[in-house]
Amino acid sequence: MKSYLISQEGLRGERVFPVESRVTIGRAPENDIHLTEPSVSRQHAVVYLSEGKPIVEDLESSNGTFVNEEQVKKAVLKSGDALRVGKVTLRFLQEEVVKKQIDIKDTQVFELTDIASTSDEETLPLRSRRVVGTISKIPVFSSLGEEGLEQLCKGARLVVFDKGKTIIRHGDWANCLFVILDGKVRIFTYDHQGKDVTLRFLSENHFFGESSFITGRPSTALVQAAEETLLCKLDFEAIRGIIQEFPIVKGILEQYHRERDKEAQGKKKAAGFEQRGHPRYELRFAVNFSISPGSIVSARFQGKTFKAVSSDISNAGVRIKAKDRILLDLPVGCDLRLEITFPKLSEPIRCIGTLRHIIEAKEVKGTIYLGIEFSEILAEDRKKLEHFLYTSPTTRIKNS
């Protein structure tokens, strides 16, 4: 029986945490499940297995731990239970272990052994031989030879993504190249109406993630597992080392990037990206936001919630203003978790947005404007947003 805790933010690419032995939950960064919500204590609760039974135990938290809205000090969890810590709800699920096509534990990450330490192919771990064999078939690395391949694969890792799980999000700063060993991924983006547009599918023996390596910019598309997928992650530092010895590798990567970018731009144009506008509306709403845990930012931003108001908004993004100068140090491209409170809606709309620009207002000292592009939002919340924008009599259209 496999046990999982699943985040309940309701966003695409929801986070899944396997419960294999002991999982700590809290606001402190060292927790296995790091939550930035202020109502969560630094060390809030722990979930662990005892004689095969999943147990949740409160760690003297300030706001308590609840199972199905009943406060507990310690309790046995059952599949489907709602576990609430502070104001954050996680869902506990269990499933029978079924042998799948990929003979590796779903949530496990493997460090490959140092394959340069032996020349006896039969004694190499099967996974290591598989990785080297697969990478040698990819044109970009086919000229490396045995020694170069071994060097490239020293720091490689294997990881499995379940069907539908997000591998790269819009705005992510990638630090590795992914090689597909088994399975299939879909690369896509969203148009101005919030509909996803497939750019391409990639399957076994293909790679992705080269865009960030070539451009040095965050991802402009999303990548999800179209089916259960086994990937090999090759660190960018290892690739840079290879390029020093084999400069041709960079040229081939650049060629792949150009061809894929040209194809993607063609599909975006066909979908109407360049013709379709998205009107912006001058509306004032309360907006609370925090830095997404996956973003690489200074420690002073972690666990902090900022208050702001919208300046203008569309179905593609929002411009907000705040009065905290610390925001000037946020890195463009980082992800923000947003809560936008609309009149007449009982619950705020929650989404993830990518920070696109930061401007310090000249006319009002201390006012900071943040331009944010929506990157992940529930379909039902997008419908609420569009309905409000297009039907509210108080909206005033700006030039977009």
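Let's begin with two helices: the axes of helix H2 (residues 145-153) and helix H4 (residues 236-245) come within 9 Å and cross at roughly 155°. Axes here are lines fitted to C-alpha atoms, for helices over the stretch in contact, with angles running from 0 to 180 degrees between N-to-C directions. H2 and H4 are therefore roughly antiparallel to each other, a label for angles over 145 degrees. On the H2 side, the contact (heavy atoms within 4.5 Å) is made by Gly-148, Gln-151 and Leu-152, while H4 brings in Ala-238, Ile-239, Gly-241, Ile-242 and Glu-245. These residues divide into four nonpolar, three polar and one charged, with Gly counted as polar.

A word on the source: this is a predicted model, in which local features need pLDDT of at least 70, side-chain atom pairs count only at pLDDT 80 or more, and totals for chains, interfaces and linings use all residues. Residues are numbered from 1 along each chain as its sequence is written, and side-chain values use heavy atoms, leaving out hydrogens and water.

Now for the backbone of two loop residues. Glu-60 lies in the loop between strand E6 (53-58) and strand E7 (65-67), where helices (H or I, at least four residues) and strands (E, at least two) are DSSP runs numbered from the N terminus. The phi of Glu-60 is near 55°, a positive value in a residue other than glycine.

Asn-68 sits in the loop between E7 and strand E8 (70-72). Its phi is also positive, near 55°, and at 46% relative accessibility Asn-68 counts as partly exposed.

Terms used
Buried < 20%, exposed > 50% of the residue type's maximum accessible area, 1.4 Å probe, protein only. Parallel < 35°, antiparallel > 145°, perpendicular 65-115°, else oblique.
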